[in-house]
Amino acid sequence: MNILLAVLFPIIGALIIPFTKKLKGYVSILVSILSFLTVLSIYPEISNGENISLCIKMFFDMHIFVDKLNFIIVSIVSFLNILIVIYSIKYIKKDHLRYYPLLLLTMGFTLGSFLSGDLLTFYIFFEMTTLFSFFLVMYKGTEKARRAGFMYLVMCLTGGALILISLISVYIQKGNFDIYFLHGSASFLFILGCLIKAGAFPLHFWLPEAHPIAPSPVSALLSGIMIKIGIYGIIRFFMTHESIEWVVIIAVFSMLFGVILALIQSDIKRILAYSSISQIGYVLLGISISSMGIAGGIFHMINHAVFKSLLFLCMGAVIYSTGERKMQRLGGLYKKMPYTMITCIIASFAISGIPLFNGFVSKTIIFDSLSDTLLKIAFIFTGAGTFALFYKLNKYVFFGKLPDNLKSTKEAPKLMLFSMITLSIICIFIGVFPNIVFKNLYAGVFDFWSLSHLLEVLVSVILGVFIFISGKKAGLFDIKEYNTDKIYSKSADFINSLCKNVNKDVSKDLNIYILCILLFFIILYFL
C-alpha cells in the first residue's frame, strides 16, 4: 500500500493548495519530496528481487505493480518532479492557484501510469494525465495556446480511445485486462495508441505545437516525462511478445525526420520538441530488436528524461532572462548567463552521445544491439544530425555578438539554477558510472568504453560538423520560420470542412447517433 502514496501525495497536495496563501510552491515541493521518499521506501524489497503487486477495489479493480524496471523509472520521475516544482517557483509569476494543482495532479497521475499493473489501470491513468496536462498546455490562455492545447487533447484522446478498444477486446476474449493477452488487431491498436502519446513520426505533429507553447517547466514535464508513458506501454508489451517489424520502421523514420525537422527550426523550444521525436526513435529502435536492445532502450528513455528536461529548463532560463525565443534575436549570452550556458552544453553533450555523459552509454548499448547495416547507418546519421543541431543551438544562443537589447540580461534565479545544475550532475554521474543503472536492466556485462564505440562517436561528431558547415553554407540555418507540417494542417482543414457539412445535415442530438452506433455494435457482437 505504501507505493500508492507516491501517487496520492501529489493529488492530496493539489487539493490542499487552494487553502494555502503564499506557500503554494513550497507545499508542492513538500508533497513532491514525500512522493519521492515513498518510492525510495520500497527499495529494500525491490533490491531483494521481490515484486510488489496490489489490487485496490474501487468501482474498478486498480492493479498496481512494481518491479526493478518501473522502480527505476518512478524513482527518476518522482525526483524530476521535485526539480520541476523548484524551478517553477521563480519561473511562474502569476495564477499559482491554477498552475500548481494542475501540475501536481499531472505528476501524480503520471506516476500512476508507470505503476499500472494491467491495461485498464494503465488506460485510466493515461487519460487522467491527458486531461490535466491539457490545461497546463493552455496555461497562457492565448489563441495559439488554446489551439495547441486542443490539438494535444484530440490526439491524446484518440490514442486513449485506441487503447480502450484494445483492452475491451482483451476483456471480451479473456475476461481480464492482462497485457499478455494482447494479440492481433488489439495489439496493433494498443501500440498505435501508445505511439500517438509518445509523439512518434508520423503521429508527431501535435508535439512541436503543444510542448513549446507550454511554460518551460511544463515542457520539461511533457517532453522529459509524459511522452514516456506511451513508450512504457510498448516496453511492457515487448517484454511479453515478439518484436514487430513495423515499429522498427517507425523508429528509424522518427530518428531521421525528427532531427532533420529540428535542424531547420528557429524557435529554441520547437528545436527541442522536434529533437524529442528523434530521441523517441532511438528508444523505439532499442526496445524493438533484442533483449539487450530493450535494456538500452529503457536506459535511453531514462537518460532522455534527464537531459531533455535539463534542455527545456535551460531554454526556459534563456526565455525568462531575455524574453526572446527566436535564435536570430539571441547570441553572446555566455557573458551574461554562464551557468545556464555550462548546463546547456552538458545537456547538449549528453543528448549528442558524447563519452562521459549519460546519453553516450545508452546509445552505445542500442548501437551494439544492431545487426543490420542500414540501421547502423541511420543511427550514425541521426547522431551526426543531433550533434550538428546542438552545435547550432549553443552557437546561436550563447556565442557570437550580444544584441544591444540584451546587454542588461541577468543570470537565471538561484532556484532555477539549482534544478539545472542538479540535472547536469546526474548527466555526468550516470555517464561516468553507467552500471549503477544498467545492472538493474540487464543481467549481462557490457563494455561501454571499447574502441569501436569511441570510433562510432568520433564518426558521428565529424559528420555532424560537416552537416552543420554544409547546412550553414546552403542557407538552411538562416533562421527562418519553417512550417514543416503543412500536410497535417491541410488535412485538419479538410476534416473541419467535412464536419461542418455533416453538421448541416444532422438534425438530431449527437448523443442519439452515438447511442445508435453502440447498440449496433452490441447487436453485432451477440449475433
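Author: Here is a walk through the cavities, from the overall search to their linings. The model is predicted, with local features needing pLDDT of at least 70 and side-chain atom pairs counting only at pLDDT 80 or more, while totals for chains, interfaces and linings use all residues. Residues are numbered from 1 along each chain as its sequence is written, and side-chain values use heavy atoms, without hydrogens or water.

Searching the whole structure turns up 4 cavities of 30 Å³ or more (a cavity is a set of points on a 1 Å grid over the protein atoms alone where a 1.4 Å probe fits but cannot get out; lining residues have an atom within 4 Å of a point). The largest cavity holds about 90 Å³ (the space filled by probe spheres set on the points, which are joined across faces, edges and corners). Around the largest cavity sit Y282, S352, G353, F360, K363, T364, F379, G383, E456, V457 and S460. Two or more of these lining residues come from each of α16 (358-369), α17 (373-398) and α20 (451-473) (helices are DSSP runs of H or I, at least four residues, numbered from the N terminus). By class, this lining has 4 nonpolar, 5 polar and 2 charged residues (Gly counts as polar, Tyr as nonpolar, and Asp, Glu, Lys and Arg as charged).

The second largest cavity holds about 60 Å³. I73, I76, V77, F114, G224, K228, M301, I302 and A305 line this second space, with α4 (68-91) and α14 (291-322) each giving two or more residues. Its lining divides into 7 nonpolar, 1 polar and 1 charged.

Conventions. On a 1 Å grid over the protein atoms alone, a cavity is a set of points where a 1.4 Å probe fits but cannot get out, and a pocket is an open set with protein on both sides within 12 Å along at least five of seven lines; lining residues have an atom within 4 Å of a point.
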